[in-house]
Amino acid sequence: MSFSYHHRAQMLKQSQNQVFDLLVIGGGITGVGIALDASSRGLKTLLVEKNDFAYGTSSRSTKLIHGGLRYLKQFEFALVKEVGSERAIVHRLAPHLVVPEKMLLPLREGRGFGSLLTSFGLWLYDWLAGVKKVDRRRMLTRKQTLKAEPLLKKEGVKGGGLYAEYRTDDARLTIEIAKAAHTHGAILINYAEVKEFIYENGRITGVRVMNDLQGDNYVMKASAIVNAAGPWVDDLREKDQSKNGKTLHLTKGVHIVVPKDRLPIKQAVYFDVTDGRMIFAIPRANTTYIGTTDTDYTQNQDEVRVSKVDVTYLLNAVNESFPSVKLNIKDVLSSWAGLRPLIHEAGKSASDLSRKDEIFESPSGLLSIAGGKLTGYRKMAERVVDLLVKKYFSDRTTKACHTQQIPLAGGDFVSSRRLRRLIKTLKRDFVSLYNDEKRFEYYWHLYGRQMIQLLAAVKVLKEEGLDDDTALLKAELDFCIQHELVMSASDFFVRRTGMLFFDIKRLIRTQDWVLNYLQAQFSWTEAQLLEERSKLNALVKEVNHFE
Ligand code: FAD
């Protein structure tokens, strides 16, 4: 059974004719991580997601696999150590998708910590994360810092630190983990929303799910049910009448995207702002993205928007630190806003709340997991599945967690030499077709080894007479439809390719073609096509019109 719309109906049918070991609610990084861990240990696993995979916070982060330098400030050494060590593992599992990126941390007179303390902090950060010697932090003089980033405001710069981070594509990481779980036998269904729980003798035994695409309902049963609904975790706890004790505290984080030539930084920079907060500016393809804000959020989780106030805050932060660029709101090409599902702690502000994950267990047996980070998804999953095995499946032989050995997206590279050889071959093939190395980088980071399939399809399509751009687009869209459960235009443009954020002009250029192609593939009526078109138009408008 492929992970495609061809088999979605079959997956739904299968989901109700058996009792699963585990049912996971939520197809963000936390949920798919649990589904992969459980299915690879031999548990019969089902996951339902109310929208598309990574629709929630897992497509709206800063897109870093990082150790969380700022958590050192909160003395969260264990958290820094765990996520820091995880970076190296996730990089090994998906080297095209988790890519080393040097981060520049400028130091200014009268701001942040002094040079000595920063040097020690970065050393500690590297040490906790087990960073290799060649990649360890390097402290820079004022001259070296300004040479590394000439656009920085010169006044007050007294030096800097250059340290190792990794960048990623959060939504693609989520979909690749979902695909790996599927390969291990899990059933994962998008656009399937849990509406209510089913109980027997006070114990939770199943859920009633609505299939959002056709409007029909399903009953799904499992021995254990995990609520991994991110910012919606408390909504489900409320349905289970177990929202007591610790609760979620949602904070909103916004990013904006500007053309690279409007903020042409030479590498990623992590700089401080007058209010004491830290902001990232990260180059990506032909853009630079900037974030994030951190403000309390109490409104509808499905309607989180970027406001003019958010954008102004980020633009002011950039203009203060890089005064020659003079960014203004018209420069903003795109943006996104995400919600951090943090655990509430009385008296603490948004920025001071811990990013640690916690597991809550309700009297009915519902297990909820919240908090945490993209980076720590594998360990979070391990903790949840260990607990489940102990509670429900101790009488069975199950494997121990081994997700550190499950490569993602065919990223199974025995050695870095083989990886380099593959990149070289793929680049040669791509450039022979498109003569564009930069574009190759873009596709490599999205698809990795799967580019072999993509390029084979492109060659056939070109031979059939399709022009260069359409051949590439069609090959990519076909791949996402056939292997990544794309069900709508926004699945493709937002969460499979990130085009809405990082290449909105291409989205606008190609949207009619994509919509018409999807209509033919999915047999949409004219009314459905119209609805899809207006949803996409609304998204495109939303990312660069602010109130
Ligand atoms: P989500 O991704 O929100 O997934 C929950 C899913 O549950 C959603 O897709 C939702 O649709 C689904 N759902 C809800 N209700 C139901 C229902 N009734 N039925 C079925 N499905 C349902 N971490 C890092 O490691 N690095 C970073 O750079 C980083 N930057 C961040 C920047 C910002 C601005 C934010 C907000 C967070 C950042 N994080 C970062 C944290 C990280 O993104 C989150 O911890 C992580 O994505 C949370 O994933 P999740 O799966 O728990 O939640």
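Tutor: What follows is a set of questions about a predicted model.

Student: Why is L117 called partly exposed?

Tutor: L117 has a relative accessibility of 49%. Buried means under 20% and exposed means over 50%, with partly exposed in between, so L117 counts as partly exposed.

Student: Where is L117?

Tutor: L117 is in helix α5, which covers residues 115-129.

Student: What makes the nonpolar surface patch?

Tutor: L117, F120, W123 and W127 make a patch of about 480 Å². Patch residues need over 30% relative accessible area; L117, at 49%, therefore passes that cut-off.

Student: Which residues are closest to the ligand?

Tutor: The closest are T30, E49, S58, L64 and T375, out of 38 residues that surround the ligand.

Student: What about the backbone of K50 and of G372?

Tutor: A backbone N or O atom of K50 lies 3.0 Å from a ligand nitrogen, and a polar backbone atom of G372 is 3.1 Å from a ligand oxygen. Both pairs are within 3.5 Å, so they count as well.

Student: How much of the ligand does the protein bury?

Tutor: Taken alone, the ligand exposes 1000 Å², and the protein buries 97% of that.

Student: Which elements give two or more residues to the shell?

Tutor: They are α2 (29-40), β8 (192-200), β11 (248-259) and β16 (334-343). The shell residues divide into 14 nonpolar, 17 polar and 7 charged.

Notes: Residues are numbered from 1 along each chain as its sequence is written. This is a predicted model: local features need pLDDT of at least 70, side-chain atom pairs count only at pLDDT 80 or more; totals for chains, interfaces and linings use all residues. Side-chain values use heavy atoms; hydrogens and water are left out. Patches are made of residues with over 30% relative accessible area and no salt bridge: like charges are joined within 9 Å, nonpolar side chains (Val, Leu, Ile, Met, Phe, Trp, Tyr) within 5 Å. Accessible areas come from the Shrake-Rupley method with a 1.4 Å probe; for residues, only the protein chains shown count as cover. A salt bridge is a side-chain nitrogen of Lys or Arg within 4 Å of a carboxyl oxygen of Asp or Glu. Helices (H or I, at least four residues) and strands (E, at least two) are DSSP runs, numbered from the N terminus. Buried means under 20% relative accessible area, exposed over 50%, partly exposed in between (1.4 Å probe, protein chains only). A residue is near a molecule or strand if one of its heavy atoms lies within 4 Å of it. A polar contact is a pair of N or O atoms within 3.5 Å; within protein, one must be able to donate a hydrogen and the other to accept it, and residues adjacent in sequence count only if both atoms are side-chain atoms. Ala, Val, Leu, Ile, Met, Phe, Trp, Tyr, Cys and Pro count as nonpolar, Asp, Glu, Lys and Arg as charged, and the others, Gly among them, as polar.
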